[in-house]
Amino acid sequence: MIKVAVVGLGTMGAPMADNLLKAGFEVTVHNRTRSREEPLEKLGAVRAASPAAAAAEATIVLTCVSDTPDVESVLLDAEQGVINGLQPGGLVIDCSSIEPEATRRIASAFRARDVGYVDAPVSGGSEGAIKGTLTIMCGGSEEDFERAQPVLQVIGSRITRIGPVGCGQIAKVANQVAITGTFFGLAEALTLAYRAGADPERVVEAIGGGVAGSWILNNRSQKMLQDDYPLGFRLRLHRKDLGIALATARENKVPVPVASLVATIEDALIAQGYGDEDMSNLARFIRRGAGIPDGPLKA
């Protein structure tokens with residue numbers, strides 16, 4: 001049986017660990033806020049005092065933390081990082097969303113120690129993490145990608161190798177740019193329909209069967225209609241991802257006007273204290289611009 005260490009037990013990482021336990025894996029867990037390990041310990045996981053200690057008990061380490069500095073700390077810290085515990089022949093699967101160049105640099109440090117590396121950022125929100133149906137975008141060698149399959153197939157249902165290390169993060173950049181426009185467009189559409197006098201619930205029903213149909217419409221329109229934004233995917237984390245996307249666009253001289261506009265709007269929402277809500281709260285900006293009071297939209 002493959003021994004897996006899961007480091008990072010937030011909205012995504014905790015259900016990933018849970019699903020690995022349910023699938024019969026031996027799982028060791030570590031989280032910076034140690035209390036988050038306790039529910040998984042009750043389900044059969046072993047707690048470790050540091051990322052290095054977790055990795056020492058594993059052949060595969062799965063990480064899912066918030067940002068590039070967090071990944072660098074968890075994996076490469078000179079004393080407590082995974083790199084100090086994982087033995088040659090092991091494998092790192094990083095499901096965080098971070099800078100592609102940082103991913104390549106981190107992977108190189110592990111390759112120097114004969115440890116494989118797959119960048120595997122995910123999409124599908126907390127629902128997908130709980131159900132084990134995440135979309136996973138992978139970068140890495142074909143050999144490492146195949147070695148990662150037993151773990152990836154437990155946490156996701158659509159798993160694609162894009163190319164070498166770093167390509168998973170590039171795909172995630174593209175994903176975040178794409179969903180930016182879809183979330184923002186849906187917020188505009190529902191607010192417009194309501195303000196113009198149509199029942200927005202019926203509008204969702206109608207347009208969902210046409211070209212405008214999408215996962216976002218099916219799974220986030222009700223949050224916008226109810227003006228209630230539980231997670232989901234935190235707005236501040238999407239803004240972090242947009243920062244990576246905008247930097248990547250600048251480096252490659254690609255204009256991304258919609259992503260640039262939404263990044264500015266997200267900055268304002270975060271400044272107002274809404275950063276920990278689901279990113280469907282972009283609807284707040286459109287609703288307030290239209291002079292609509294807070295609360296559910298009713299025909």
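1. Thr 63 is buried, at a relative accessible area of 1% (buried is under 20%, exposed over 50% and partly exposed in between, with a 1.4 Å probe and protein chains only). Thr 63 sits in strand S4, residues 60–63 (strands are DSSP runs of E with at least two residues, helices runs of H or I with at least four, numbered from the N terminus).

2. Before going on: this is a predicted model, where local features need pLDDT of at least 70 and side-chain atom pairs pLDDT 80 or more, while totals for chains, interfaces and linings use all residues. Residues are numbered from 1 along each chain as its sequence is written, and side-chain values use heavy atoms, leaving out hydrogens and water.

3. What does the side chain of Thr 63 make a polar contact with? The partner is the side chain of Asp 94, at 2.7 Å (a polar contact is a pair of N or O atoms within 3.5 Å; within protein, one must be able to donate a hydrogen and the other to accept it, and residues adjacent in sequence count only if both atoms are side-chain atoms). Leaving aside residues up to four places away in sequence, Thr 63 also touches Val 7, Val 74, Leu 75, Ile 93, Cys 95 and Ser 96 (contact is heavy atoms within 4.5 Å).

4. On the cysteines, the disulfide count is 0 (the cut-off is a pair of cysteine sulfur atoms within 2.5 Å). For Cys 64, the nearest cysteine sulfur is that of Cys 95, 5.7 Å away; Cys 64 counts as buried at 12% relative accessibility. For Cys 167, the nearest is the sulfur of Cys 138, at 11 Å, and Cys 167 is buried too, at 19%.

5. Helix H13 (residues 282–289) has Leu 282, Ala 283, Arg 284, Ile 286 and Arg 287 as its buried residues. Their cover includes helices H8 (167–195), H10 (215–226) and H12 (257–271). Just after H13, Gly 291 has a positive phi of about 75°.

6. Finally, the second largest pocket is lined by residues including Glu 99, Arg 104, Ile 170, Ile 244 and Asn 252 (a pocket is an open set of points on a 1 Å grid over the protein atoms alone, with protein on both sides within 12 Å along at least five of seven lines; lining residues have an atom within 4 Å of a point). Helices H5 (100–111) and H11 (235–251) are the elements giving two or more residues to that lining.

Methods:
1 Å grid on protein atoms, 1.4 Å probe; cavity = no way out; pocket = protein on both sides within 12 Å on 5 of 7 lines; lining within 4 Å.
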